[in-house]
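Biologist: Hi! I'm new to this one, could you walk me through it?
Modeller: Happy to, let's bring it up first.

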Amino acid sequence: ADICQRFEGKPKQAAAARLGGNRAALFVFATEGLENMAFIANAMSLVTYFYGYMNLSLTKSATTLTNFMGTAFILTLVGGFISDTYWSRFKTCVVFICIELVGLGLLTIQAHFPRLRPFPCKGVAPSQMYQCEAPNTSQLVMLYTGLYLMALGTSGVKAALPALGADQYDEKDPKGAAQLSSFFNWFLFSLTIGAIFGVTFVVWISTNHGWDLSFVVCTIAVLFALLFVCMGKSLYRNNVPKGSPLLSILQVCVVAIKNRKLQIPENTEELHEIHDKEAGEQHEILQRTDQFRWLDRAAISSGTTADGASTPTVHGSWSLCTVTQVEETKLLIRMLPIILSTVFMNTCMAQLQTFSIQQSTTMNRNLLGFKVPGPSIPAIPLTFMFFLIPIYERIFVPIARKITGIPTGIRHLQRIAVGLVLSAISMAVAGLIETRRKHVAVQHNMVDSAEPLPMSVFWLGLQYAIFGAADMFTLVGLLEFFYAESAVGMKSLSTAISWCSIAFGYFLSTVVVEVVNKVSGGWLASNNLNRDKLNYFYWLLAGLSVLNFGGYVLCASWYKYKKVEVIKEGDYSGKVEMVKT
């Protein structure tokens with residue numbers, strides 16, 4: 001009977017072997033490129049739409065954009081939870097792309113019909129902006145409904161799509177681990193290509209042919225993204241939701257509290273774990289660690305209290321947890337300081353998408369007779385990343401791999417650290433460039449002028465290029481770190497947590513701008529950048545970034561990478577495969 005079962009299982013195994021891999025990942029890359037083209041085009045230019053067409057103030061425009069961006073990234077937790085608990089990653093992508101299409105449709109309608117928005121004040125001198133008509137309640141409701149539907153849609157895609165692509169590789173196999181690392185690099189590459197088209201082609205359309213046509217192009221791009229992700233359905237290795245990972249974590253905390261009076265056994269092998277076929281088709285068993293030892297009480301099946309009284313054997317998920325469940329909870333606790341220490345970098349990134357875009361509108365944007373739209377300036381770091389990513393993947397990683405023996409070349413946390421250092425340098429450079437820009441305005445008596453300053457906008461390319469390199473190191477490092485270190489049933493949710501660093505960065509940006517305005521007496525309170533103290537603000541961010549890096553180093557030094565035992569289907573002999581991520 002055992003032989004027959006093995007024979008019958010071979011066709012299934014052969015069919016499974018044909019799934020996944022680079023062929024399936026190509027559809028993920030195409031989907032990400034198209035969806036991100038629409039998202040980044042709006043992220044880079046909506047501040048000018050709010051300011052020049054919806055007549056919001058400069059500060060309100062900046063905070064509206066950062067709130068939208070923050071919401072888009074923090075809602076990834078919703079998509080990640082749904083993907084791990086109820087739907088497959090594929091279904092999550094499809095549903096949330098459809099939601100994004102509805103949001104873009106509303107924005108397109110509002111941009112097309114003038115009566116749905118106030119009369120635009122584009123081109124009005126900053127000192128006269130108070131005369132512009134403010135949007136009414138119904139116009140703001142339509143604007144915010146479209147914005148936050150788009151935020152909800154893109155959040156689900158960002159949570160599920162990277163995990164869907166990463167699922168196509170076997171991270172437990174050394175070759176698969178190297179391919180998985182390459183996947184995240186090429187995922188960023190496809191994201192970058194989409195972003196380049198977004199900040200050039202789409203932004204050019206919004207600047208020269210109207211926002212309604214720009215939103216139409218974004219809608220079409222997202223529609224094609226939906227088609228591409230569906231085209232790869234027959235090739236995907238689809239995850240099977242294993243129940244709520246948050247429920248498992250809650251169970252560990254509850255049981256640990258219930259068993260708080262029990263003594264942890266000296267022999268940790270006495271703690272409860274499943275090593276037989278109850279584990280299922282593919283079960284990941286985590287080795288016990290010494291951190292957060294109080295949680296180990298959740299895996300005590302029987303024991304004694306501090307006064308020597310014995311306790312009976314207990315059963316049930318709310319009375320007894322496995323060591324693996326406990327370690328999964330410890331993993332999440334250990335990863336939280338890492339994600340929190342990268343938040344401030346994204347606060348800095350928010351300034352490059354708001355105030356730096358406004359800087360560009362005050363500068364000379366001519367290039368060989370062509371006027372470069374201000375929101376297209378981020379094409380500079382994106383182009384830099386376009387060339388840097390293949391160099392990193394094809395040259396740096398193979399060399400580093402030979403030296404360190406690590407499939408990814410360097411550890412995930414080391415890669416993140418490089419990005420944090422570069423972000424601090426970028427803010428310092430931004431302060432220097434803003435100081436020069438203000439000097440040019442004073443020198444040519446153009447402080448209150450709406451005319452562009454005689455200073456090339458490409459000066460801003462320096463700060464953007466440095467930050468682009470920082471983003472390449474940190475963003476991919478975070479995505480790969482959280483996917484690799486998370487439990488099997490938390491891949492999407494963990495990917496979502498990595499995006500939350502960006503969300504908290506945008507929300508923190510709103511707070512920082514408001515606090516700095518109050519404490520400084522109005523560094524950023526004017527609608528005129530030539531009179532603001534934006535250079536001081538950039539230098540403040542640079543100093544805080546250095547302090548933040550010091551905190552990150554402490555957190556990274558304290559972190560312990562997980563060690564895994566993998567039990568595969570049919571192997572119930574007690575033998576396990578040890579894997580250290």
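**Rings, helices and buried spots**

Modeller: Let's start with an aromatic cluster, formed by Phe29, Tyr169, Phe183, Phe184, Phe187 and Tyr483. Please keep in mind that this is a predicted model.

Biologist: Thanks! How many aromatic pairs are there?

Modeller: The count comes to 29 aromatic pairs. One of them is edge-to-face because the rings of Tyr392 and Phe473 have their planes at 85°, and over 60 counts as edge-to-face. The centres of these two rings are 5.6 Å apart.

Biologist: Nice. What kind of aromatic pair do Tyr559 and Tyr561 form?

Modeller: Tyr559 and Tyr561 form an edge-to-face pair, at 5.6 Å centre to centre and with 90° between the planes. Both of these tyrosines are buried.

Biologist: Which residue lies over the face of Tyr559?

Modeller: That is Arg334, at 5.8 Å from the ring centre of Tyr559. There is also Lys158, which lies over the face of Trp499 at 5.2 Å from the ring centre.

Biologist: Switching to helices now. At what angle do helix 4 and helix 16 pack?

Modeller: Helix 4 (residues 76-85) and helix 16 (residues 491-520) pack at an angle of about 170°, and their axes are 7 Å apart. Angles over 145 count as roughly antiparallel, so that is how helix 4 and helix 16 run relative to each other.

Biologist: Which residues make the contact?

Modeller: On the helix 4 side they are Thr76, Leu77, Gly80, Phe81, Ser83 and Asp84. Helix 16 brings Lys491, Ser492, Leu493, Ala496, Ile497, Trp499 and Cys500. By class, this contact has 7 nonpolar, 4 polar and 2 charged residues.

Biologist: Now a single residue, please. Where is Ser426?

Modeller: Ser426 is in helix 14 (residues 412-443). Its relative accessibility is 0%, so Ser426 counts as buried.

Biologist: What does Ser426 touch?

Modeller: Leaving out residues up to four places away in sequence, Ser426 touches Leu352, Gln463, Ile466 and Phe467.

Biologist: How about Ala38, buried or exposed?

Modeller: Ala38 is buried, with a relative accessible area of 1%, and Ala38 lies in helix 2 (residues 21-52). Not counting residues up to four places away in sequence, Ala38 touches Cys218 and Val222.

Biologist: How many residues apart in sequence are Ala38 and Val222?

Modeller: They are 184 residues apart in sequence, and in space they are 6.9 Å apart, C-alpha to C-alpha.

Biologist: Last thing, the overall picture. How many helices and strands does the protein chain have?

Modeller: The protein chain has 17 helices and 9 strands. Of its 581 residues, 55% are buried. Among contacts between residues at least 6 apart in sequence, 82% join residues at least 24 apart.

Definitions and conventions
Residues are numbered from 1 along each chain as its sequence is written. This is a predicted model: local features need pLDDT of at least 70, side-chain atom pairs count only at pLDDT 80 or more; totals for chains, interfaces and linings use all residues. Side-chain values use heavy atoms; hydrogens and water are left out. Rings of Phe, Tyr and Trp (its six-membered ring) pair if their centres lie within 6.5 Å; planes under 30 degrees apart count as stacked, over 60 as edge-to-face and the rest as tilted. Buried means under 20% relative accessible area, exposed over 50%, partly exposed in between (1.4 Å probe, protein chains only). A charge sits over a ring if NZ of Lys or CZ of Arg is within 6 Å of the ring centre and within 35 degrees of the ring normal. Axes are lines fitted to C-alpha atoms, for helices over the stretch in contact, and angles run from 0 to 180 degrees between N-to-C directions. Helices (H or I, at least four residues) and strands (E, at least two) are DSSP runs, numbered from the N terminus. Angles under 35 degrees count as roughly parallel, over 145 as roughly antiparallel, 65 to 115 as roughly perpendicular and the rest as oblique. Contact means heavy atoms within 4.5 Å. Ala, Val, Leu, Ile, Met, Phe, Trp, Tyr, Cys and Pro count as nonpolar, Asp, Glu, Lys and Arg as charged, and the others, Gly among them, as polar.
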